[in-house]
Amino acid sequence: METIRRTKVVDVLCRNDYGTMVNVRGWVRTHRSSKAVDFIALNDGSTIKNVQIVVDPATVDETVLKQITTGACISVNGVLVESPAAGQASEIQCREIELYGTCGNDFPMQKKGQTFEYMRQYAHLRLRTNTFGAVMRIRHNMAMAIHTYFHEHGYFYFHTPLITASDCEGAGNMFQVTTKNLYDLKKDEQGKIIYDDDFFGQQTSLTVSGQLEGELGATALGAIYTFGPTFRAENSNTPRHLAEFWMVEPEIAFMDQEELMDLEEDFIKYCVSWALEHCQDDLAFLNKMIDKTLLARLQSVLEGSFVRLTYTEGIDILQQAIAAGHKFEFPCEWGDDLASEHERYLVEQHFKRPVIMTDYPSAIKSFYMKQNIPASGAPAPSTAGYHGIVAPGPTMQGTDVLFPQIGEIIGGSVREENYDKLMAEINHRGMETEKLWWYLDTRKYGSCPHAGFGLGFERLILFVTGMQNIRDVIPFPRTPKNAEF
């Protein structure tokens, strides 16, 4: 076979220099045969679109042609010509075919209507399908949008550790990291495991968040962001939970609550706008095949401002809905942690646009958040929002972004910078401070006001793609009893 430099399918489809000899390589989507002509739809992953290869059966060995089935990998030399068929500008008149890899009739990703649940059994092969190719290209573009946004706004990409001795969220659902022999664990007189002979000399785990270390970066560099994998050992088999997922976590010095909400809204609008600009073909495919309201919903995010609503006002709206006959599965009294159904009601039915909910009850938020409690003699910070209803209890300066179809997509807050107040909250919760000494030091030495948020990357991809299960927006999902591939 003549050696010709390969052209990606995405590039060859943009060319109009008809009569030129080109080479394309990829995997067969379909192969239609007849006595006079064969049509092969070829895709190499560079685009949702296929390039059509037109083959004269008389010019190709019959044995080779029969092996070119769905999933087979081939290389084609041919002449780029204008296509007479509707829906495609060009096609390739085949001159030579080389068969790289055959694919038998037992190929699990045959061209038929498999369910996403079925395809999860074949995560190593499902990436070759149109849907998962589109999702993964969009995932790449969202990662590029995130890096570009923060770079253009003067943030520094800051790498936080995956192995840690502290639990940022205080939930305790962490995967332990150890080199100890699990069949011969040394224990003390109280039955507790002795970690002196472990690699790190203490109990360590995979991180649930890079936030605490990110705060250290913000107090030195001014504005940083982390973007990496995080791990939570929660036994949750829901469409919104993974054991391994990616988080985007900016931390910014000298930022207050209002500025933080401005950042959250601007950032997520930037990401959605990037998707609409750079992923048009993939979004059009998903809009047609997965969710016919997808493009309209993405566009709606860019129209108008997000609602800014206190938790207290949100509870008031939800209770009014209950009084009017709306049924919720979970309760929503003041002090309850809102469920996804409550968040989605506010976004999808009441306001019909994204909501930034603020000022949550202290009891349901993390220890590091700044409380809305004034210092002695100082005026109380404002918690006025949509209606200005006053909270019946102490609140923290949280700023969570709620989205249609998803619920919470961003969780953020102003961080407590005062050492005494932070220690009071830690003691109130009965937390151990031994492993947080380095974090507390930042409140002793040159403390500054600061804020930040965490965005679950897979939840962003769920929203942008219209997919319904978070296991379908990450290449190889890690869930309870599932660590294949």
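**Entry 1: terms and model**

I take buried to mean under 20% relative accessible area, exposed to mean over 50%, and partly exposed to mean in between, with a 1.4 Å probe and protein chains only. The model is predicted, and I note that local features need pLDDT of at least 70, that side-chain atom pairs count only at pLDDT 80 or more, and that totals for chains, interfaces and linings use all residues. Residues are numbered from 1 along each chain as its sequence is written, and side-chain values use heavy atoms, with hydrogens and water left out. For helices (H or I, at least four residues) and strands (E, at least two) I use the DSSP runs, numbered from the N terminus.

**Entry 2: salt bridges**

I looked up salt bridges, each being a side-chain nitrogen of Lys or Arg within 4 Å of a carboxyl oxygen of Asp or Glu, and by this rule the count comes to 21.

I began with Asp 282 and Arg 137, which form a salt bridge whose closest N and O atoms are 3.0 Å apart. Asp 282 lies in helix α7 (residues 280-289) and Arg 137 in helix α4 (residues 130-152), so this pair ties together parts that are 145 residues apart in sequence. Asp 282 counts as buried at 7% relative accessibility, and Arg 137 counts as buried at 14%.

I then turned to Lys 180 and Asp 197, whose side chains meet in a salt bridge at 2.7 Å, N to O. Both Lys 180 and Asp 197 lie in the loop between β8 and β9, so the pair ties together parts that are 17 residues apart in sequence. Lys 180 counts as buried at 11% relative accessibility, whereas Asp 197 counts as partly exposed at 46%.

Next I noted the salt bridge of Glu 265 with Arg 308, where the closest N and O atoms are 3.6 Å apart. Since Glu 265 lies in helix α6 (residues 257-278) and Arg 308 in strand β12 (residues 307-310), the pair ties together parts that are 43 residues apart in sequence. Glu 265 is buried, with a relative accessible area of 8%, while Arg 308 is partly exposed, with 22%.

**Entry 3: aromatic pairs**

For rings of Phe, Tyr and Trp (its six-membered ring), I count a pair if the centres lie within 6.5 Å, and I call planes under 30 degrees apart stacked, over 60 edge-to-face and the rest tilted. A search of the whole structure finds 22 aromatic pairs.

One of them joins Phe 116 and Phe 132, edge-to-face, at 5.8 Å centre to centre and with 90° between the planes. Phe 116 lies in helix α3 (residues 116-119) and Phe 132 in helix α4, so the pair ties together parts that are 16 residues apart in sequence. Phe 116 is partly exposed, with a relative accessible area of 26%, but Phe 132 counts as buried at 0% relative accessibility.

Tyr 270 and Trp 274 form a tilted pair, at 6.1 Å centre to centre and with 40° between the planes. Tyr 270 and Trp 274 both lie in helix α6, four residues apart, about one turn of the helix. Tyr 270 counts as partly exposed at 22% relative accessibility, and Trp 274 counts as buried at 16%. I found both residues again in a cluster linked by ring pairs, which holds Tyr 149, Phe 150, Tyr 155, Tyr 157, Tyr 225, Phe 267, Tyr 270, Trp 274 and Phe 453.

**Entry 4: a sheet**

With strands taken to pair if DSSP finds at least two bridges between them, I recorded an open sheet of three strands in the order β7-β9-β8, with antiparallel pairing. β7 (163-164) and β8 (176-177) stand at the edges, each with a single partner strand, so one side of each is left without a neighbour in the sheet. Two bridges join β7 to strand β9 (residues 204-206), the two running antiparallel, and the bridge partner of Thr 164 in β9 is Ser 205.

**Entry 5: backbone at two lysines**

I noted that Lys 352 has a positive phi of about 60° although it is not a glycine. Lys 352 is found in the loop between α10 (340-351) and β13 (355-361), and it counts as exposed at 62% relative accessibility. Lys 481, also not a glycine, has a positive phi of about 65°; Lys 481 lies in the segment after α13 (457-465) and is exposed, with a relative accessible area of 87%.
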